[in-house]
Amino acid sequence: MESNIAVVAVIITDYSAVERVNALLHEFRDCVLGRLGIPYKQRNLSVISLVVDAPAEKINGLSGKLGMIEGVKSKVLTAK
């Protein structure tokens, strides 16, 4: 299966979701190349950007599972 490089952008607006997000990212740790997390206290949210290397189905699965968590939004940008 072909592997893709992608950036997954995650915005967390509900801090009670942080543990679930971290647990999910731990499950997908094998495809995460890098992670940058920025807490933005003035706006009461956090932003995480992930660089991943995985098949499209796995990347979309990660993003979809993140988006199903209450208070979390996720989008993917894939390199060609």
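## Strand β1 and its neighbours

Strands β1 and β4 run antiparallel and are joined by seven bridges. Within this pairing, Val-8 has Val-76 of β4 as its bridge partner. The model described here is predicted.

On its other pairing, β1 is joined to β3 by nine bridges, again in the antiparallel sense. Here Ile-12 stands opposite Ser-46 of β3.

In a regular strand, side chains alternate between the two faces of the sheet. The covered face of β1 consists of Asn-4, Ala-6, Val-8, Val-10 and Ile-12, while Ile-5, Val-7, Ala-9 and Ile-11 form the uncovered face.

## The sheet as a whole

Four strands make up an open sheet in the order β2-β3-β1-β4, with antiparallel pairing. Its edge strands, β2 (32-40) and β4, each pair on one side only. On average, neighbouring strands of the sheet are turned by 15° against each other, direction ignored.

Eight bridges connect β2 with β3 (residues 45-54), and this pair is likewise antiparallel. Leu-36 is found opposite Ser-49 in β3. Strands of a sheet pair through backbone hydrogen bonds, in either a parallel or an antiparallel arrangement.

## Helix α2 across the sheet

Helix α2, residues 56-67, lies across β1 (4-12), β3 and β4, and runs at about 160° to β4. The twelve residues of α2, at 1.5 Å a residue, should span 16 Å; the end C-alpha atoms are 16 Å apart, so the two values agree.

Which residues of α2 are buried? They include Ile-59, Leu-62, Ser-63 and Leu-66. These residues lie on the same side of α2, because they cover an arc of only 90° around the axis. An α-helix has 3.6 residues a turn, so residues three or four places apart point the same way. The elements covering the buried residues of α2 include β1, α1 (18-27), β3 and β4.

Ser-74 belongs to strand β4, which comprises residues 72-78. Is Ser-74 buried or exposed? Its relative accessible area is 15%, and Ser-74 is therefore buried, the limit for this class being under 20%.

Leaving aside residues up to four places away in sequence, Ser-74 touches Val-8, Ala-9, Val-10, Ser-63, Leu-66 and Gly-67. With one of these, Ser-63, there is a polar contact between the two side chains, at 2.9 Å. Ser-63 is itself among the buried residues of α2.

Note on methods. Residues numbered from 1 in each chain as written. Predicted model: local features only at pLDDT ≥ 70, side-chain atom pairs only at ≥ 80, totals over all residues. Heavy atoms only, no water. Helix = DSSP H or I, 4+ residues; strand = E, 2+ residues; numbered from the N terminus. Buried < 20%, exposed > 50% of the residue type's maximum accessible area, 1.4 Å probe, protein only. Polar contact = N/O pair within 3.5 Å; in protein donor to acceptor, adjacent residues only side chain to side chain. Contact = heavy atoms within 4.5 Å. Pairing = 2+ DSSP bridges. Axes fitted to C-alpha atoms, helices over the stretch in contact; angles between N-to-C directions. Expected span 1.5 Å × (residues − 1). Arc of directions from axis to C-beta.
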